[in-house]
Amino acid sequence: PYEPAQLVMYPNIQVKLISTGAIGHITEVQPDGTCVVQPMVEAEDGTCTDEGHPIPLPPDMLELRRPSRKNQVKVMRGQYAGQVGELIGLDGQEGIVKINADIKMLAIDDLARVHNIQ
């Protein structure tokens, strides 16, 4: 069975607080792994707006916000970790991701929604 490797968090990815379901984006990852998260609210059209003040949280309190088709995504684990692409489709538990000119099939759990700074 697929065993995901340890997750390394990056700035500018969208996350969800496991305990409440609140969403935010990581503004900073501190040397000890603590993630500084800016809370957000999402409008019906999918646009997100910052709300309130950034909060430092341990990464085990966060989960990646599942991307949707056409979202910019960052690969969080595996051979392409750290690379950014576009999610062009879904196939079961895999995302079809365009990275540069290449098309890759990657586990959806290894993809994070990129937070696009307005």
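Me: Where do I start, say with β2 and β3, and in which sense do they pair?
Reply: Strand β2, residues 23-29, and strand β3, residues 35-42, pair in the antiparallel sense over 6 bridges. Please keep in mind that this is a predicted model.

Me: Which residue of β3 does glutamate 28 stand opposite?
Reply: Glutamate 28 stands opposite valine 36 in β3, and valine 36 in turn stands opposite proline 56 in β5.

Me: And what is in the hairpin of β2 and β3?
Reply: There are 5 residues between the two strands, and glycine 33 in that hairpin takes a positive phi near 95 degrees.

Me: What does the turn between β3 and β4 look like?
Reply: These strands form a hairpin with 5 residues between them, and glycine 46 in the turn has a positive phi of about 95 degrees.

Me: Changing topic, where is glutamate 51?
Reply: Glutamate 51 lies in the loop between β4 and β5. Leaving aside residues up to four places away in sequence, glutamate 51 touches Gln38, Pro39, Met40 and Val41. The C-alpha atoms of glutamate 51 and threonine 34 are separated by 20 Å, with the two residues 17 apart along the chain.

Me: Why does glutamate 51 count as partly exposed?
Reply: Glutamate 51 counts as partly exposed because its relative accessibility is 47%, and that class runs between the buried limit of 20% and the exposed limit of 50%.

Me: How many bridges join β8 to β9, and how many join β9 to β10?
Reply: Strand β8, residues 84-91, is joined to β9 by 5 bridges and the pair runs antiparallel, with leucine 90 having glycine 95 as its bridge partner in β9. Strand β10, residues 102-107, is joined to β9 by 6 bridges, again antiparallel, and valine 97 stands opposite lysine 104 in β10.

Me: What about the turns there, which residues have a positive phi?
Reply: The hairpin of β8 and β9 has 2 residues between the strands, and glycine 92 in the turn has a positive phi of about 65 degrees. The hairpin of β9 and β10 likewise has 2 residues between the strands, where asparagine 100 in the turn has a positive phi of about 55 degrees.

Me: Stepping back, how many helices and strands are in the whole chain?
Reply: The protein chain has 0 helices and 11 strands.

Me: Why would the radius of gyration agree with a compact globule?
Reply: A compact globule of 118 residues would have a radius of gyration near 13 Å, and the protein chain has 14 Å, which agrees. The C-alpha atoms fill a box of roughly 40 × 35 × 25 Å along the principal axes.

Me: And how much of the chain is buried?
Reply: Buried residues make up 36% of the 118 residues, while the chain exposes about 7,100 Å², of which carbon and sulfur atoms supply 51%.

Terms used. Residues numbered from 1 in each chain as written. Predicted model: local features only at pLDDT ≥ 70, side-chain atom pairs only at ≥ 80, totals over all residues. Heavy atoms only, no water. Helix = DSSP H or I, 4+ residues; strand = E, 2+ residues; numbered from the N terminus. Rg over C-alpha atoms; globule rule 2.2 N^0.38 Å. Buried < 20%, exposed > 50% of the residue type's maximum accessible area, 1.4 Å probe, protein only. Areas by Shrake-Rupley, 256 points an atom, 1.4 Å probe, with all protein chains shown as cover. Pairing = 2+ DSSP bridges. Contact = heavy atoms within 4.5 Å.
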